[in-house]
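Hi everyone, thanks for coming.

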Amino acid sequence: MQISWGALPCALVFAMPAQAAAPAPSAAPGPVAGSDTVDTGFSIGEQIVVSARSMAASSRNVLTSIDRMGGDVAQNANVNYAWELVGRLPGVMLTNFNQGTTSGKFSFRGFNGEGEINAVKLLIDGVPANSNDGNMPYIDSVFPLDIAGIEVVRGTSDPRYGLHAIAGSANIQTRIGGNYLEGKVSGGSFDTYEAQAVAGIERGGFSQNYLAAWRQAGGWRDHGALTRGSLAGKWFFRPNDTLRVGAIARWYRGTADEPGYLTLENAAAHPRMTNAYNQTDGDTRTVAQGSLHLDATFSDSLDLTAKAYANRLRDDRYVKFSAATSQQRRMTDEDHYGISGALHWHTHVAGTPVMAELGGDMQWQDNVSRRYNTVARVVSAQTRDQAFTLDVGGIYGLLTLEPTRWLTISPAWRLDWVGGTFHNRLAGTTAPINAYGTISQPKLQVAITPVDQVTLYGNYGKSFQIGTGSGAYLIPPRTTNLAPSINAGWEAGIKLRPMAGIETRVALWLQDASGEIKRKLNDPLGDSENVGATRRRGVDVQVNLKPVKAVSAWGALSWQTSRIRVADPATPGYLGHEIDHVPHWLWSGGVDFAPAARWRLSLWGNGQSSYWLNAVNDPAVGKFGQYAVFNAEVAFRPIDKLELALTGKNLLDRRYEYVWYDATVTAAQSRSPTSHSPAEGLGLTGSARVRF
């Protein structure tokens, strides 16, 4: 389906919007560059504004499409994993593998969630939280009741992050500070039970925040049980208004069975079944994070933020993808250490507000990847034993000028460097990192506010991608260093409030990659391959409505396409083909209604169109993946400190599934070379939330 840039679809679905808290008075005299005078963000749920002036390394210094979810929306949710929450934000695609701890992920800006190219920088409380390959295992440790907000920054113009920030970033902010004691218990369909407890204690400048959470589910499909537990502690000390220091510790362990993938015929006739050969598939995942935080304000115009952190991932997975393949044991051990910081300065030059920021980060990775062929968890052969280090560091400079009240100009530049060594311990060989050199990423952002309640904005920037796993190293027979893939993108948008109770944003965007790299998911060496030069482009339309006090609504519709514009010499026939697992249409939205003081009713949904399963775009295989799912919740507070809720997911009991092209499925097994993972049907969850 084609779309003209001048004709936008007008069909929208609506849901609960955000109402931002009123800004506090500014500490700086007169306007300051990078302040809230320009707002390109869009919000769902209640937002808490803690400062009227943009601070160091803040997204409020970025003029691009930014979407925020309030903590109230997250805390009310009943989900198996926190990544499902991000799908409520506009333009976000969810990929639901439904395979135990390898449950799924989110993506945006025309990138899929297959794990071949992971284009989103994930942060938890501002701490990087991607694994070496860019996946998001650390998100498992976050439970809804501890979430203060989720922020998604889309595009290539944000200079704060380098590695994995190909299409943007997502930051999950947990609850820090305050006085509260809350618990939530829930139970529902598919033998699902959950308990969460959070506490905040703040006295005399010292705050403590704690989380303890546990979830158990039998699973909608056979052999789909899971058990998850998480603990977190956060300790911060603010001796005065100019200094805050703190520490965060987080630990998580999850175990899950994997129901496996079905043939086309079995998925249609028996979607809840598992294959006999998947009976011993499953995973145990442990993650831990620790971080130190420093925020200092030297004056009304100068502040500093700095972090140091350590991440640990231990993953032990048994998986058999089809009857024709061996079961594999996949073991991943990763330890990542890093530091980041930014110095932020506001001033006036010749009466013009100016903001300057200088920042950077460094990460050291120590990774081990081992794989074995197994039969019912008994090892028959080892196929991989790799140990590799990866060192990635970058610096950036950002300048924001406001020559007039209606114009903001913000140029930036980021430089990154990569180092590391690869050891193939099975072969006894060593290889250096590809000589990527200095990875230069210029960026520019502009915003115009011609009249009140209207903001025109545009941005341009470059981000980068390098190989993951062994694909980042100069391993024979390759003798030529690979260059990084440079992603150059632009965006043009308008945000406006035409009248009270209505807010809308429309953005057009494009992103070109010079030589896209994707992982070979089942390659014994864990190598990458070249896709070619690619082009992604799209249109995002978003609307918030609050027609009356008791009703709030929001809706979002995105059109996108992702194509190979210069094919790799090895696959010249792919020129012009679409990239796999990228639907043209994404939509999300719903409505929230408070008929009385103690009642809350919500209806929301999301969906997408179908996609090709690989770059061949073979009509004989066809397209899959289309769905439209609706959910609802009704909540009642019999007393002020207790809320009872009933949540229904997939209300219409629609059948939908994740599908991938599987060449190992023979014609004797199925009429389609595809593997299918059906999603959950109708499910009900009852919950009770207590505030002590």
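Let's start at one residue, Leu-89. Setting aside neighbours within four places in sequence, Leu-89 is in contact, meaning heavy atoms within 4.5 Å, with Ile-44, Asp-67, Arg-68, Met-69, Ile-150, Val-152 and Ser-588. By nonpolar core I mean a set of buried Ala, Val, Leu, Ile, Met, Phe, Trp, Tyr and Cys residues joined through side-chain atoms within 4.5 Å. And buried means under 20% relative accessible area, exposed means over 50%, and partly exposed is in between, using a 1.4 Å probe and protein chains only. Leu-89's own core is the largest nonpolar one, with 42 residues, and Leu-85, Leu-89, Phe-106, Leu-122, Ile-139 and Ile-150 are the members that touch the most others.

Before I go on, a word on where this comes from. This is a predicted model, so local features need a pLDDT of at least 70 and side-chain atom pairs count only at pLDDT 80 or more, while totals for chains, interfaces and linings use all residues. Residues are numbered from 1 along each chain as its sequence is written, and side-chain values use heavy atoms, with hydrogens and water left out.

How confident is the predictor? pLDDT is its confidence in each residue, from 0 to 100. The protein chain averages 91, and 93% of the residues score at least 70.

Now, charges. Side chains of opposite charge can pair when their charged atoms come close. I'm counting a salt bridge when a side-chain nitrogen of Lys or Arg is within 4 Å of a carboxyl oxygen of Asp or Glu. How many salt bridges does a search of the whole structure find? It finds 39.

Here are a few of them. Asp-295 pairs with Arg-244, with their closest N and O atoms 3.1 Å apart. That pair links distant parts of the chain, since Asp-295 is in strand E15 (residues 282–299) and Arg-244 is in strand E14 (residues 243–257), 51 residues apart. Asp-295 is partly exposed at 27% relative accessible area, and Arg-244 is partly exposed too, at 22%.

Next, Arg-312 and Asp-335 meet in a salt bridge at 2.7 Å, N to O. Arg-312 sits in strand E16 (residues 302–319) and Asp-335 in strand E17 (residues 327–349), 23 residues apart.

Arg-370 is buried, at 17%. There's also a salt-bridge network, linking Asp-67, Arg-109, Arg-154, Glu-491, Arg-505 and Asp-540.

On to strand pairing, which here needs at least two DSSP bridges between two strands. E19 (residues 378–404) and E20 (residues 407–419) run antiparallel, joined by ten bridges, and a hairpin connects them through two residues. Val-392 has Val-418 in E20 as its bridge partner. E20 also runs antiparallel to strand E23 (residues 439–448), again with ten bridges, and Leu-415 stands opposite Ser-440 in E23.

The peptide bond from Pro-476 to Pro-477 is cis, with omega near 15 degrees, and Pro-477 sits in the loop between strand E24 (454–465) and strand E25 (485–499). Ala-376 has a positive phi, near 50 degrees, without being a glycine. You'll find Ala-376 in the loop between E18 and E19, partly exposed at 48%.

How values were computed:
pLDDT = per-residue confidence, 0-100. Helix = DSSP H or I, 4+ residues; strand = E, 2+ residues; numbered from the N terminus.
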